[in-house]
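Please read these notes with the model open beside you. They go from the overall fold to the sheet, then the helices, then a few single residues.

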Amino acid sequence: MLITPRMPRPMATARGGATAASETGGADAQGREFAWTQADFARVQSLIYQRAGISLHDGKHAMVYSRLSRRLRETGHQSFRDYLGWLESHDGPEWQEFVNALTTNLTSFFREQHHFDILAEHLKSKPASTAWRVWCNAASTGEEPYSIVMTAMDALGGHANFKLWASDIDSKVLMTAARGVYRLDSLKGIDSGRLQRFFMRGKGSNEGMVRVKPELQRMIEFLSVNLIRDDWPFREPFDIVFCRNVMIYFDAATQRSVLERIHRVMKPGGLLFVGHSENFNESRDLFVLRGKTVYERR
């Protein structure tokens with residue numbers, strides 16, 4: 001398990017109470033543990049955009065304060081200004097913690113079921129000997145990648161030539177995904193047949209938990225990929241890409257840039273699955289709509 005070392009506590013700077021309140025916005029006046037100003041928020045907006053391409057709109061003040069306050073406590077900083085200044089002056093593991101804190105992970109097994117129905121039909125439409133290369137680039141805690149692989153095994157059989165690369169920018173959720181351990185009550189989208197075939201139930205102290213069977217895990221390679229960087233590790237093109245509910249966090253320019261990169265790592269005619277609220281009709285030169293939130297690579 002990856003453990004981020006605790007950062008040294010920075011030396012406090014003595015300031016008068018009135019001066020501190022005027023400079024930081026007055027933490028006590030806001031009823032918060034730490035002072036939190038518009039300047040702090042704007043700085044966070046800039047840093048997360050540079051690092052991950054995420055566009056934080058102005059309605060995210062409370063969310064950002066809540067999530068990053070934990071980082072201040074963990075690193076021992078007394079203000080957002082000090083924490084962000086220290087972050088900018090270091091190129092260490094805290095940057096990953098910063099990104100992790102501001103990444104939203106909302107997922108479930110077989111979310112948007114129609115996509116898995118389309119996937120199954122597409123897999124069965126090709127010769128049985130077809131070698132499939134698939135990428136899920138928002139793996140989160142693993143529910144989506146395992147849903148993809150279960151669909152593939154149902155459609156192609158247990159000896160399918162199917163390989164899934166499952167990536168995320170958040171290192172902590174990737175560790176959860178790779179472990180493949182879940183609460184039984186979180187598997188509501190899985191029928192009893194799949195539950196018996198693909199999961200092992202916990203016993204004793206692990207009662208109420210399930211673990212994904214090894215044969216599913218062997219079909220997946222988990223890895224960290226930042227979608228806005230040019231250092232993607234892939235050498236061969238993909239037949240299918242799942243990029244669901246990712247682009248909603250990017251502005252139009254970043255969306256276009258990421259779509260161009262995805263286009264370059266896909267085979268012509270490959271399928272791109274996107275989120276229910278995402279629409280890329282303005283990128284018709286790259287992808288053509290082929291179904292409900294399913295695009296074909298030109």
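1. The protein chain has 12 helices and 10 strands. Helices (H or I, at least four residues) and strands (E, at least two) are DSSP runs, numbered from the N terminus. This is a predicted model, in which local features need pLDDT of at least 70 and side-chain atom pairs count only at pLDDT 80 or more, while totals for chains, interfaces and linings use all residues. Residues are numbered from 1 along each chain as its sequence is written, and side-chain values use heavy atoms, with hydrogens and water left out.

2. How much of the chain is buried? Of its 298 residues, 49% count as buried. Buried means under 20% relative accessible area, exposed means over 50%, and partly exposed lies in between (1.4 Å probe, protein chains only). Contacts are counted for heavy atoms within 4.5 Å. Among contacts with a separation of 6 or more, 72% come from residues 24 or more positions apart.

3. Look at the sheet next. It is open and has 7 strands, in the order S6-S2-S1-S7-S8-S10-S9, with mixed pairing. Two strands pair if DSSP finds at least two bridges between them. Strand S6 (220-224) and strand S9 (287-291) are at the edges with a single partner strand each, so one side of each has no neighbour in the sheet. From one strand to the next, the twist averages 25 degrees.

4. Two pairings show both senses. Strands of a sheet pair through backbone hydrogen bonds, either parallel or antiparallel. S1 and strand S2 (residues 162-168) are parallel, over 5 bridges. There, Val-134 is opposite Leu-164 in S2. S9 and strand S10 (residues 294-297) run antiparallel and are joined by 4 bridges. Phe-287 is opposite Arg-297 in S10.

5. Is strand S1 (residues 132-136) buried or exposed? S1 is mostly covered, with 5 of its 5 residues buried. Trp-132, Val-134 and Cys-136 point one way, Arg-133 and Trp-135 point the other way, and all are buried. Note that Arg-133 is among these buried residues.

6. Helix H12 (residues 252-264) lies across S1, S7, S8, S9 and S10, at about 135 degrees to S8. Axes are lines fitted to C-alpha atoms, for helices over the stretch in contact, and angles run from 0 to 180 degrees between N-to-C directions.

7. Now helix against helix. Two packed helices are described by the angle between their axes and the distance between the axes. Helix H5 (residues 80-88) packs on helix H6 (residues 94-102) at about 125 degrees, with the axes 10 Å apart. H5 and H6 are therefore oblique to each other. Angles under 35 degrees count as roughly parallel, over 145 as roughly antiparallel, 65 to 115 as roughly perpendicular and the rest as oblique. Tyr-83, Leu-84, Trp-86, Leu-87 and Glu-88 in H5 meet Glu-94, Trp-95 and Phe-98 in H6. By class, this contact has 6 nonpolar, no polar and 2 charged residues. Ala, Val, Leu, Ile, Met, Phe, Trp, Tyr, Cys and Pro count as nonpolar, Asp, Glu, Lys and Arg as charged, and the others, Gly among them, as polar.

8. H5 also packs on helix H3 (residues 38-52), at about 25 degrees and with the axes 10 Å apart. H3 and H5 are therefore roughly parallel. Asp-40, Arg-43, Val-44 and Leu-47 in H3 meet Phe-80, Arg-81, Leu-84, Gly-85, Leu-87 and Glu-88 in H5. The contact of H3 with H5 has 5 nonpolar, 1 polar and 4 charged residues.

9. Check two backbone positions. Most residues other than glycine have a negative phi, and most peptide bonds are trans. Phe-110 is not a glycine, yet has a positive phi of about 55 degrees. Phe-110 sits in the loop between H6 and H7 and is buried, at 5% relative accessible area. Ser-140, also not a glycine, has a positive phi of about 50 degrees. Ser-140 is in the loop between S1 and helix H8 (143-156) and is buried, with a relative accessible area of 5%.

10. Last, Ser-257 in helix H12. Ser-257 counts as partly exposed, at 25% relative accessibility. The C-alpha atoms of Ser-257 and Arg-229 are separated by 9.8 Å, with the two residues 28 apart along the chain.
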